[in-house]
Amino acid sequence: MILVVLISILFFGGVLAWLSEGLDSKYPRVIALTAVVIDLLVMLTLVGADAGDSGWIVQLNAQWMPRFGISFYLAADGLSVLMMVLTAFLGAVAIGSAWDEITEKTGFFYFNLLWTLAGVIGVFTALDLFLFFFFWEVMLIPMYFIIAIWGHENKNYAAMKFFIFTQVTGMLMLISILALTYFHYLQFGWFSFDYVDLLKVNTSSAIEMWIMLGFFVSFSTKLPSFPFHSWLPDAHSQAPTAGSVILAGVLLKTGAYGLIRFAIPLFPEASMTFAPFAMTLAVISILYCAKVAFAQTDIKRLIAYTSVSHMGFVLLGIYAWSEQALQGAVMTMLAHGLSAAALFMLAGGLQHRIHTRDMDHMGGFWAKVPRLSFVALFFSVAALGMPGLGNFVGEFLALLGAFKANIGLTVAAAFGLIFASVYSLWVIQKVFHGAYRNSDFDDSNLHDLSRREMFYFCAMMIGLIWMGMYPQSFLDLSAETIAQLLNETGQVLFAVGL
Amino acid sequence: MQDLIWLLPTFPLLGFLSLVLTSGNLPKKAVAVIGAGSIGLSFITAALIALEFLGSGETHFILEVWTWMAVGELTPGFSFYLDGLSLVMMLVITGVGFLIHLYSTGFMLDDPSYSRFFSYMNLFVASMLMLVLADNLVLLYLGWEGVGLCSYLLIGFWYEKPENGYAARKAFVTTRVGDTSMAIGLFLLFAQLGTLNIQDMLHAAETEWAVGSGLAVAASLLLLGGAVGKSAQLPLQTWLPDAMAGPTPISALIHAATMVTAGVYLIARTHVLFELAPSVQLLVAWIGLITLLMAGFTAMTQHDIKRILAYSTVSQIGYMFLGLGVGAWSASVFHLMTHAFFKALLFLAAGTVIHSLHHEHDIFKMGGKRKQLPIAFASFMIGSLALAAFPFTSGYFSKDEILIAALEMEGPGMLLWMGGVLGAFLTGIYSFRLVFVVFFGQSKGHHEEREVTGFSMATPLIILMVLALFGGWIQIPVDAVFSHGEVHEEHHISGFLHVVMIAVPLLGIGLAYLFYMSKTFSVEKLMAKPIAAALHRFWFSGWGMDALYDLLFVKPFLFLARINKKDFIDAIYASLVEISRVVHGMLARTQTGQLRWYTMSIAAGVVLLIAVGVLL
């Protein structure tokens, strides 16, 4: 029941925010923040709760369309809870970043933001694949509006690109879901979209491979992984800051979550056959996108490409499919969620102040805005994998686990650590170091971080330090889920002799 | 008392935090007290712990503070491991570190970013202590990356100048290449041995791997990659001379006394692995020898006072590597310590010279400064004597031990020894070339300048002078660490070779005297010869390594980045869009609205259908 409450608060909060705009254009943001904070508090009651025999901390399974075997099946285990907390936390941060930036149609903006978050929470908890697909779409459409309405100079192109990429690959996933249900029907004589039922479906390995690929393409587009990444730089550079925060911090993680929860457990055999290819794509993502990132002059595009590069470590860890590798993937998701969100907020903050994203026009900001510069340095250093901060724990564990699965690819991926230092320090040099230059833009609005901004950034810094110094609080939450997944797939793989 | 070892990195970390959180709003006095005081407290704690540890007679001591992460077999903790080796390191870091902090309180007084400077310095010391006290390789890696970050921040401390930023990035990225090799080494060790706790890992390696086995070779090679990056040895040595862009106390602390010796520490710490891979250990010796010679030749040609010292650092670390390579573990650590004394002294004295002469770096624009800068002169005399291994100075004892160990080695020992002695000859030349040019001869420029010192700057210099002179008598308690396998004591080398080892550096000093003091030989005449001039250019450029790497790595990377800025993958999708637009246009053109066109296409379609029907 608690999961329904969590989603409903966001759905109704969104509607309420939209309606309240008629009274005062400042009400929506207050309502939105309240809804998200309430959600966050409710979620915290789930943290560390005992999962019991079923493996789920909470679950709700209600009939929906029994004729087609569709049920309203929501459940959360440790992994889901971690992802939900990240979502709500970054949701609050995103509202904070939109606080002053969004001044037009505020009601509809916060409506879209909350509905996206509701969709994401649904994705992280749905165990009926039909319901899962429903939430998958729910988070997409409001995000399309956020980019298309409140975006920057090229917003329609970017929004359309985002929409088409996600929609086309979403359709592939839908076909896969339907095919899987059909095979369930052939095998058992009745329809079911239930995750637990579908785990039992047996098909020939060729069919399994094709169905799995449908899921993989959809999830790896969201992640995104090379070669499906090219929507991301446009979406990020055009989206308003809050949109970027949600995109980088949360939406990308749904792709990784889908791989961990659905793509591999449903098709362990096909996935393990496919793993070397997936890991190769991961390595290409890491290296290629790091290189492209370095060449960018638009600071948001640059960060977007680094996101793809970092998510490559997640993909690598997932397909290495071992305890350390999966824990590494999950930690990278959390840590990257914070660091990328913070970097996009900084870039958005700069754009808000000086109306450009072009790094060729920036330089020497340290002298002018020392606090902002220090915060940027902190998150860049986190992104390049400095031990003591969360990203290191994630990437280190992912690589450590992947090394046992594939030495060559892991060694290649490790070069990403060098590239990460190249582009991260390059940003610091271009924007914050060097002599101050303001000939190319109006710097009258270039002031240091406000108290409200510092509050958000400090919260994220503390989060990253916590993850870096005592990651156990997070690792423990996902440990049980991961052990169970490994156990289940291990049995299947053992049975087929893989 | 030993239980308080966690305080060692904690004091500087607290110093860092308090300086960052107050973000430059404290008065300079308070910053100086926090900045230098935190290191002072660490030193006192370290000294007390050392006394207790040595008194107890234990071989090691472990303190587990908390488990960092526990995933499967991987359970690295924030745990400290104290033995003779880490004891020497922690005393050097906190002791020399404190002196340099004290010096900096005076040296940096006019800098507007006083607080930022000390916050980075404190973070550096905290990381460095983590590095040497870590009981597992993951925590060591934390310190390892932490000192790299601080090095980056401090080289680029004066960030307004783009070239400083360039030097800082070069240092970070070059060492990161080594760090990545080391990280891969950790993955390999963990995959094979199932633990990253240093002592357990070494023990497991000893029992599971045969001497010379492929895994031992691979693991020690990968760790060596990390060591050559951090310690600026061939082939990753190019970053260190440029790192001199930072304030001079940084060069003394990070790029001479402590951080750059981390590679030596790493190899000494994991020496069991290297003993399992004799080929790699021999490689360490050759890397050390080649680096020390190359850097020695380059040091003779430089004009910048700090670059001379930088190349001399590279060269001296080469000696430490040579010592490690021939199995003289404790001699290398001993040289690490004495080098920390005399090189810190030289850098701080150079700082005084530069500071007093308004940021003049070129030694040929100085001259005759011994009266004007008496403390710096005394420091340079003593430091250079120790550097050149003048008998009974600290450097003499440590270098002597390394060379004797090389001589005693089977096989290429004699060759390594001869190389090392040649290096000592070069050291004599370049160190006294600097002394003669700067402090003797005709006084040039900057006549009225007086030496800038004062209590905070003079005290560290005096203490370091004492240490550089008499540090060689210190007994370092590392026998228990390297107990097995060390080529041990009882030197029986011929008296003649010993005389050679003493005489050669003196010959070097003599040659420097003839060229730069008495001018019996003329540098100008020598340079007039084309071969000499070409050699000089080659050496001056650091053997063309920068240009080579530029050509091999930097330019191709930039080229690739430039030609694919727009991401060709995007172009593929764009062309999909373009194709559908073209097809759309073509199909749209069929919708003309003209009846005869439609009639004709219907007729054509019917004919086609009939044809298909008939033919099938």
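**View 1. The residue that follows helix H1 of chain B.** Just after H1(B) in this predicted model, B:Ser23 takes a positive phi of about 35°.

**View 2. The buried face of helix H1 of chain B.** Which residues of H1(B) are buried? They are B:Leu8, B:Pro9, B:Phe11, B:Pro12, B:Gly15, B:Phe16 and B:Leu19. Seen down the axis of H1(B), its buried residues fall within an arc of 160°, so they line one face of the helix.

View 3. B:Ile402 lies in helix H17 of chain B, which runs over residues 394-408. Is B:Ile402 buried or exposed? B:Ile402 is buried, because 26 other C-beta atoms lie within 10 Å, and a residue counts as buried when there are 20 or more. If its neighbours within four places in sequence are left aside, B:Ile402 is in contact with B:Tyr319, B:Leu322, B:Gly323, B:Ala328, B:Ala331, B:Ser332 and B:His335. For B:Phe117, which is 285 residues apart from B:Ile402 along the chain, the separation between the two C-alpha atoms is 37 Å.

**View 4. Chain B as the setting for these views.** Chain B holds 25 helices and 2 strands, and its C-alpha atoms fill a box of roughly 110 × 60 × 60 Å, taken along the principal axes. Of its 616 residues, 56% count as buried. Among the contacts in chain B between residues at least 6 apart in sequence, 81% join residues that are at least 24 apart. The domain assignment divides chain B into domain 1 (277-478 + 491-521), domain 2 (531-565) and domain 3 (572-615). The centres of domain 1 of chain B and domain 3 of chain B, taken over C-alpha atoms, are separated by 86 Å.

**View 5. Where chain B touches chain A.** In this view, 37 residues of chain B are in contact with 39 residues of chain A. On the side of chain B that touches chain A, at least two residues each are supplied by helix H5 (137-155), helix H6 (162-193), helix H23 (545-563) and helix H24 (568-590) of chain B. Which helix gives the most to this side of chain B? The answer is H6(B), with 13 residues. By class, the side of chain B that touches chain A is made up of 21 nonpolar, 8 polar and 8 charged residues.

View 6. Strand E1 (residues 58-65) of chain A and E2(A) pair in the antiparallel sense, over 7 bridges. In this pairing, A:Gln59 has A:Ala75 of E2(A) as its bridge partner, while the bridge partner of A:Val58 in E2(A) is A:Ala76. The two strands form a hairpin with 4 residues between them, and in the turn A:Gly69 has a positive phi of about 70°. In strand E2 (residues 70-76) of chain A, 6 of the 7 residues are buried, so this strand is largely enclosed by the rest of the structure.

**View 7. The contact between the two domains of chain A.** Chain A is divided into domain 1 (1-266) and domain 2 (273-498), and the C-alpha centres of these domains lie 22 Å apart. How many residues of domain 1 of chain A are in contact with domain 2 of chain A? There are 39 residues of domain 1 of chain A in contact with 44 residues of domain 2 of chain A. The elements that give two or more residues to the side of domain 1 of chain A that touches domain 2 of chain A are helix H3 (78-98), helix H9 (231-238) and helix H10 (241-266) of chain A. H10(A) gives the most to this side of domain 1 of chain A, with 13 residues. By class, this side of domain 1 of chain A has 24 nonpolar, 12 polar and 3 charged residues.

Terms used: Residues are numbered from 1 along each chain as its sequence is written. Chains are lettered from A and ligands numbered from 1 in the order in which they are written. This is a predicted model: local features need pLDDT of at least 70, side-chain atom pairs count only at pLDDT 80 or more; totals for chains, interfaces and linings use all residues. A residue is buried if 20 or more other C-beta atoms lie within 10 Å of its own, exposed if 12 or fewer, and partly exposed in between; C-beta atoms are placed from the backbone. Two residues are in contact if their C-beta atoms, placed from the backbone, lie within 7 Å. The arc is that of the directions from the helix axis to the C-beta atoms. Two strands pair if DSSP finds at least two bridges between them. Ala, Val, Leu, Ile, Met, Phe, Trp, Tyr, Cys and Pro count as nonpolar, Asp, Glu, Lys and Arg as charged, and the others, Gly among them, as polar. Domain bounds come from an automatic or database domain assignment.
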